[in-house]
Amino acid sequence: MGLLSPRKRASAMGSAQSGDVLHGSDSSLASATEEEKVLKTVKEWKAELKPMRFAVMCGRKFEAPSTTMLGMMQPSAGHDGLFSCGACQAYLFDYADMVDSRLGWPTFSQSISGAVRKEVNGDGFTSGFLYFCTTCNCFLGKSYYDGSQASSMIISGHAIDYIALTSTNKQQKLAAKGIQTSKSPPLSPRASGRLASPRASGRLASPRTSGRNAMSPRKNKPGTAHSLA
């Protein structure tokens, strides 16, 4: 399993051109400040991100199940931390919201409030949603409908990084950013909410289920590079 070929790397950009800035609709940007947004062109992201991460976050590709360390990681007692955006490092998910799905991709019941934007995928609610980082507008993952109910948020193992923290340190980092989760103690009056929003369109391969053994998380371990499905 190797890196993408030059031909595949070119196709990973999808409909976005190298000079295009990844951004969203005007309504999606209403809650963001200019300081919070990280807007870069596809060409700039390509220069900064590793090939597999670029293919996912700017090309909306998806790796095969259980081919990244984070894809094999499952929540376990005694661990805590945060998951950050692989492009802009904004905090996106709380370890406490990780789901034991055993799908082969990191899966979450919810994101940190305001950190992730969702967009209807394709022909409406029957196809589920696509998810994007609200700070930099890069693609993260998707959910799909199983009967009448949407699945949990299925995120590419290349789109996020895991930061192992104690519960106390986690809350301190969130409070410093003015972020409050459902499991956080009340913040001081000075703490403020955050994050912007964007837009994009495109498709993603439907996830395939794949049972795997649980794996303990490793500190700051990004997904390892493998060929995309």
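**Exercise 1. Is R102 buried, partly exposed or exposed, and what is its relative accessible area?**

Solution. Start with the model. It is predicted: local features need pLDDT of at least 70, side-chain atom pairs count only at pLDDT 80 or more, and totals for chains, interfaces and linings use all residues. Residues are numbered from 1 along each chain as its sequence is written, and side-chain values use heavy atoms, with hydrogens and water left out.

Next, the cut-offs. Buried means under 20% relative accessible area, exposed means over 50%, and partly exposed lies in between (1.4 Å probe, protein chains only). R102 has a relative accessible area of 32%, so R102 is partly exposed.

Now its partner. R102 forms a salt bridge with D100. (A salt bridge is a side-chain nitrogen of Lys or Arg within 4 Å of a carboxyl oxygen of Asp or Glu.) The closest N and O atoms are 3.5 Å apart. D100 has a relative accessible area of 42%, so D100 is partly exposed too.

**Exercise 2. Trace the contacts of D94.**

Solution. First, the salt bridge. D94 pairs with K170, with the closest N and O atoms 2.7 Å apart. D94 sits in strand β2 (residues 91-94) and K170 in helix α5 (residues 167-176), 76 residues apart. Both D94 and K170 are buried.

Second, the network. Salt bridges link D80, D94 and K170. D94 and D80 are 14 residues apart in sequence, and their C-alpha atoms are 8.1 Å apart in space.

Third, the backbone. A polar atom of the D94 side chain lies 2.9 Å from the backbone nitrogen of A96.

**Exercise 3. Give the strand order of the open sheet that holds β2.**

Solution. The three strands run in the order β2-β1-β10, with antiparallel pairing. (Two strands pair if DSSP finds at least two bridges between them.) The edge strands are β2 and β10, as each pairs on one side only. Five bridges join β1 (residues 81-85) to β10. L82 stands opposite I163 in β10.

Note on methods:
Helices (H or I, at least four residues) and strands (E, at least two) are DSSP runs, numbered from the N terminus. A polar contact is a pair of N or O atoms within 3.5 Å; within protein, one must be able to donate a hydrogen and the other to accept it, and residues adjacent in sequence count only if both atoms are side-chain atoms.
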